[in-house]
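User: I would like to learn how to read local backbone features, helix packing and a ligand site in a model. Please take each in turn, with the general idea before the case at hand.

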Amino acid sequence: MTKQRVIMDVDTGSDDAVAIMAAILSPDIDLVGLTTVAGNKEINFTTDNTLRVVELLGADVPVYRGCEKAMVCTLLHNRHGDYTGATGVGTKLDAQGRKIEYHTDCLPLPAPTIREQPEHAVFYLVDTLMRSDGDIVLVPTGPLTNLAMAMRLQPKICQKIKAICFMGGGFKVFNATSASEFNIWADPEAAQIVVTSGVPVTMVPLDATHRANFTLDDARELRSWNTPAADLVATLVEERVAAYNAFQPQELPDSAPLHDALALAAVIDPQVLRDVRLMRVDVDISGGFADGQTICDTRAFPDRTPNVRVALDADRERFVTLIKSLLRSCPAR
Ligand code: RIB
Ligand code: CA
């Protein structure tokens with residue numbers, strides 16, 4: 001079977017890291033390139049973290065640094081409230097007095113010796129997609145700035161993208177504000193450009209990712225394998241469970257979502273997603289209370305053409321088993 005060619009656009013990030021590892025380890029995916037964007041952390045950290053993950057797995061995947069700021073959203077006065085205020089991140093300390101965070105600045109891996117590519121991520125996306133046979137799937141797992149910029153720079157890429165499967169948005173579940181999910185909230189105009197691009201889009205929102213959590217038991221199992229890749233994921237799961245227990249307690253006790261890994265897993269095995277519905281989705285870019293909300297039209301006869309497949313649920317067992325099997329394939333120390 002031919003491998004699916006994929007470009008990931010990441011703001012690495014603990015859950016982005018697991019998604020990248022799964023893509024590199026999957027026999028079904030040819031990871032053509034990684035582009036980075038500011039999001040979870042500023043661009044120096046997200047790029048450096050991406051290089052750390054690629055080097056950990058000894059993969060030959062080029063990394064391209066992308067946009068350090070959202071397209072236009074910060075131009076609107078007072079638009080961005082304090083995300084940390086919304087979630088309480090940084091206001092709680094663990095028993096050792098360390099700040100509890102979803103993502104540390106640097107992943108717990110050695111500083112990279114490999115280097116990023118000289119070309120900007122947006123130009124890389126345009127060049128690579130235009131030269132392609134239309135066979136590349138894009139998996140964005142951060143704010144959609146790079147992709148929207150590429151679409152504005154060269155609209156013809158939209159006919160060249162096979163599909164987009166992005167992590168972001170919410171149907172009934174939100175995190176950045178009471179109405180928005182972080183990746184979309186961070187650059188709502190970019191998200192609106194992408195969902196209305198005409199490319200086949202699958203949205204993997206919080207409603208799905210919160211149904212596919214990893215638990216501390218999963219982390220213990222990964223740790224017992226004693227491989228660098230499984231060890232890293234075990235550590236990230238533990239950190240994330242601490243953060244979710246502190247700020248967003250989950251229905252499944254001592255568990256946390258690995259949002260981005262679910263979007264990547266859906267390219268390998270679409271059945272990790274459940275209850276996928278084609279809907280009209282637009283992003284609120286008004287700057288009001290619902291700024292950055294992914295507005296999903298559930299009416300039988302929406303005013304505008306349905307444009308996004310929205311996953312409302314996920315198969316936790318299937319997802320966790322897939323990620324574990326990929327990590328299992330990684331050699332021991
Ligand atoms: O809301 C979850 C998303 O925000 C994930 O992509 C996570 O990495 C952060 O970017
Ligand atoms: Ca991310």
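**Reading the backbone, a helix pair and the ligand shell**

Analyst: Let us begin with a loop: Asn-226 lies between α9 (216–224) and α10 (228–247). Please keep in mind that this is a predicted model.

User: What is the phi of Asn-226?

Analyst: The general idea is that most residues other than glycine have a negative phi. Asn-226 is not a glycine, yet its phi is positive, at about 60 degrees.

User: Is the peptide bond from Thr-12 to Gly-13 cis or trans?

Analyst: As a rule, most peptide bonds are trans. The bond from Thr-12 to Gly-13 is cis, and its omega is near -15 degrees. Gly-13 is located in the loop between β1 (4–10) and α1.

User: How should I read the packing of two helices, and at what angle do α1 and α2 pack?

Analyst: One reads the angle and axis separation, then the handedness, then the residues in contact. Helix α1 (residues 14–25) packs against helix α2 (residues 43–56) at an angle of about 35 degrees, and their axes are 10 Å apart. The crossing of these two helices, α1 and α2, is right-handed.

User: Which residues of α1 and α2 meet?

Analyst: From α1 come Ala-17, Ile-20, Met-21 and Ile-24, and from α2 come Thr-50, Val-53, Val-54 and Leu-56. By class, the residues of this contact between α1 and α2 comprise 7 nonpolar, 1 polar and no charged.

User: Turning to the ligand, which residues around ligand 1 come nearest?

Analyst: One starts with the shell and then examines individual atom pairs. There are 14 residues around ligand 1, of which Asp-15, Asn-175, Glu-181, Asn-183 and Asp-260 come nearest. The shell around ligand 1 divides into 3 nonpolar, 6 polar and 5 charged residues.

User: How far is an oxygen atom of ligand 1 from a polar side-chain atom of Asp-16?

Analyst: That distance is 3.1 Å. For Asp-11, an N or O atom of the side chain is 3.0 Å from an oxygen atom of ligand 1. The side chain of Asn-40 likewise has an N or O atom 3.0 Å from a ligand 1 oxygen.

User: How much of ligand 1 does the protein bury?

Analyst: Ligand 1 exposes 270 Å² when taken alone, and the protein buries 96% of that. The elements giving two or more residues to the shell around ligand 1 are α1, α6 (182–186) and α11 (259–268).

Conventions:
Residues numbered from 1 in each chain as written. Chains lettered and ligands numbered in written order. Predicted model: local features only at pLDDT ≥ 70, side-chain atom pairs only at ≥ 80, totals over all residues. Heavy atoms only, no water. Axes fitted to C-alpha atoms, helices over the stretch in contact; angles between N-to-C directions. Helix = DSSP H or I, 4+ residues; strand = E, 2+ residues; numbered from the N terminus. Left-handed = near helix turned anticlockwise from the far one by under 90°. Contact = heavy atoms within 4.5 Å. Nonpolar A, V, L, I, M, F, W, Y, C, P; charged D, E, K, R; others polar. Near = heavy atom within 4 Å. Polar contact = N/O pair within 3.5 Å; in protein donor to acceptor, adjacent residues only side chain to side chain. Areas by Shrake-Rupley, 256 points an atom, 1.4 Å probe, with all protein chains shown as cover.
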